[in-house]
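Here is a short tour of a two-chain model for your next look at the screen. Keep the viewer open and follow along.

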Amino acid sequence: MALQVLWFVLWGVLWAVYFMLDGFDFGTGMLRNFLASDETEKQVALATIGPVWNGNEVWLITAGGATFAAFPLTYASLFSFLYLPMLLILFSLILRGVSVEFRGKIDTPRWRAAWDWVLAVTSFTAPLVLGLGFGNIFKGLPIAQDGYRGSFGMLFNPYGLLTAVLFIVLFLQHGAVWLALKSGGGMSERSSRLAGRLWYLVLLVAVAFLVLTGFSTKLYDNFFSHPGWLLVPVLAVAALLLVKILHARARMLGAFFSSCALIVLVVATGLVGLFPNLIPSSLDPAASLTIFNSSSGPYTLRLMSIVAAIFVPIVIVYQVLVYRFFREKTTPDSLADHSGGY
Amino acid sequence: MVVESLSRIQFASVAIFHFLFVPLTLGLSTLVAIMETMYARTGDETYLKMTRYWSRLFLVNFAVGVVTGLTLEFQFGMNWAEYSKFVGDIFGAPLAIEATVAFFLESTFIGVWMFSWKRVSRGAHAAIMWLVAFASTLSALWILLANGWMQKPRGYVISGGRAQLSDFGALIWNPYAWIKFFHVIMAAWTLAAFFVMGISAIHMLRGRNSEMVRKSFRLAAPFGLIAAVLIIVAGDLSGVQVAKFQPTKLAAMEAQWKTQSNVPFYLMALPDVRAGRNSIEALPIPGLLSFLAYHDSTATIKGLDDFPATERPPVLVTFIAFRAMVALGFLFALCALLSVIFAWTKTLETKRWFLWVMAVALVLPYLASELGWILAEIGRQPWIVYGLLKTADAYSRSITPGDVLGSLIAFLVIYGTLAAVDAFLLTRYARKVE
């Protein structure tokens, strides 16, 4: 297997794991204000993501770093072409991060309410713009041989917007299942009920997305030429069904893992369709940035493969151990075990 | 041209802002780990109070450090696309390794530390903070290996108009980067020590001389002294590296216009850039500049006049940043020495004048650290990669002046607000002394 192909896979894994993990942080952030009935529940909801959100976000930083190291031309083009969206993602993530850490630092209702809203809004805008970006990448960006012809406004096309909605509903469901699993009492019940209803919305948006993908993108070409890969979207559908089945039987951990699988498989479906492009050009296929024409030299790719082969498994092992360490439900009691307080 | 200038201002702003938080994270994580280890070993409740008190300030600072670091990971692609294309093969590697090897560790375990006070033993809890301190130090190393390559590129070949990595060993064993790493870590430790001593001094001035406050000062003083002395060593070694690899930076930071041997160091000097000479030169120490640059008082130093004007960095800023940083460095060593003497002879609290000095000195390591980066980065101009790529050729072609102006204003507003909130929280938490 060519090193570029290996790195495309790893690149996809980094993004997929990022969305799988930060996805429930976003979902929790969006839903928290509406699901919590009192201050204690708000604190509990925040404390469910408290120990892990920071480690989750590093998957994005690693995805960015890996793009730089393995596909520098894509790194350079992607973030300078999508300058304003990237800026919005950064501002959202910056404010999301400080809102989690700052909201409990001063014990007045106004202070907490202000940061609660910052968290809710930025947990919405981050996946919104990420979805918008990925939708437009799937669709292709207007790259000509001599430069970029796009603008910020043209990103807001139906397909880009639908992808953004898909990201948001996926993360809403993911967060609702997470909260049902990790919080307790009334909060857990309300989250579970909401997750059950959100499932139909996810189904509706997913179907619309699959249909519009056929009209707006060339993602299906790879599936027609290599039908074996259809297994990926089929498994995605299976994961979506499993979310419903396990949720209906109140098997929340199983439903959560299914939701994780669903997010990973949705990303994988998109990336299988994209291959070997990283950013297809909507104007001229020859101007597309592919894993071959935008990659680093073989020396760097080999080196980075060795680094990734050693350290990514180590990261996965200790992050899994940390999740196991915090596997119990977050209760008002466990809030006392926290340095700063939420 | 406008995009380039605005992008430079933006990068300088976000980097300077980020580095207001990084050194305290680096230094205070180590100090808090020491405090908690003392608690684990002795069971002395004062050490627990210290750990709790300083870690609250640490965590507020840490959060802003993390989120502002996010910006820098993507700035290169956003505003410096031509640079990213040119160096991605090399520069991307240490950045990606930093995230994978160090930043994951730091971010994952700070979360564990925050939420496991009662869930693990005292010793294990202290060990987690050591892990965080180790990971943030390792993180600094990889970032400085990346920056070191921009200062002293090595282990590469130019192929197809791009720099390609040919020797990873040369990249990671770059002496320029290691000396800079040593310099940055010692600066961070100094800053954290002065932070602890400064806040403790303010408490003492206000009559809140608890055991916790006294012990904090006594612990930070020797830590600060060791670091401040080692900075002088690191600074000297850095100077030699600059002399060897970056002659234009050396000439600018010393305001050396003519090529000369046996060059004196003027204690007072002021460059007149337009006239191409120094308008003030007084109090010379014979041969010192040659000695500082090459450890040989007769050595020849190349002057700015020998370089074309297009290859000289801005002389005045580089010169002032260097002078001020060095002066502050010596001041830190002196203050730290007095701190150790007064704290250990238990005469500190009777010397109100010195407590005032240390209260004011709290901000100076911040200033010195930023001046150090201004020297390193502006002194490297007009190159973004020394000798290989000019900054003027490095900015993104697809962004407009309006884009960058808008983003710059947005950064200034958001970062300004964050700075205000952070300062407010730090002050508030610093007051809550047990």
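The notes below go from whole chains to single residues.

This is a predicted model, in which local features need pLDDT of at least 70 and side-chain atom pairs count only at pLDDT 80 or more, while totals for chains, interfaces and linings use all residues. Residues are numbered from 1 along each chain as its sequence is written, and chains are lettered from A and ligands numbered from 1 in the order in which they are written.

**The two chains**

- Chain A contains 13 helices and 4 strands; helices (H or I, at least four residues) and strands (E, at least two) are DSSP runs, numbered from the N terminus.
- Chain A is as compact as a globular protein of its length, because its radius of gyration is 20 Å and the globule rule gives 20 Å for 342 residues. That radius is taken over C-alpha atoms, and the rule is 2.2 Å times the number of residues to the power 0.38.
- In chain A, 55% of the 342 residues are buried. A residue is buried if 20 or more other C-beta atoms lie within 10 Å of its own, exposed if 12 or fewer, and partly exposed in between, with C-beta atoms placed from the backbone.
- Chain B has 14 helices and 8 strands, and its C-alpha atoms fill a box of roughly 65 × 50 × 40 Å along the principal axes.
- Of the 434 residues in chain B, 53% are buried.
- Among contacts in chain B with a separation of 6 or more, 78% involve residues 24 or more positions apart; two residues are in contact if their C-beta atoms, placed from the backbone, lie within 7 Å.

**Where the chains meet**

- Chain B brings 56 residues to the contact and chain A brings 57.
- On the side of chain B that touches chain A, α3, α4 (81–114), β2 (162–165) and α14 each supply at least two residues.
- The largest share of that side, 21 residues, belongs to α4(B).
- By type, the side of chain B that touches chain A splits into 31 nonpolar, 17 polar and 8 charged residues. Here Ala, Val, Leu, Ile, Met, Phe, Trp, Tyr, Cys and Pro count as nonpolar, Asp, Glu, Lys and Arg as charged, and the others, Gly among them, as polar.

**Two helices of chain B**

- Helix α14(B) (residues 401–431) reaches 44 Å between its end C-alpha atoms, close to the expected 45 Å; the expected span is 1.5 Å times one less than the number of residues.
- The buried residues of α14(B) include Phe411(B), Tyr415(B) and Leu418(B), and their cover includes α5 (83–102) of chain A together with α1 (2–18) and α3 (45–79) of chain B.
- In α5(B), 22 of the 30 residues are buried.

**Backbone details to check**

- Most residues other than glycine have a negative phi, and most peptide bonds are trans.
- The bond from Phe275(A) to Pro276(A) is cis, with omega near -5°, and Pro276(A) sits in the loop between α11 (252–274) and β3 (277–279) of chain A.
- Gln381(B) and Pro382(B) are also joined by a cis peptide bond, with omega about 5°.
- Ala255(B) has a positive phi of about 50° and counts as buried because it has 25 C-beta neighbours inside 10 Å.
- Lys346(B) has a positive phi near 55°, but it counts as exposed, with 10 C-beta neighbours inside 10 Å.
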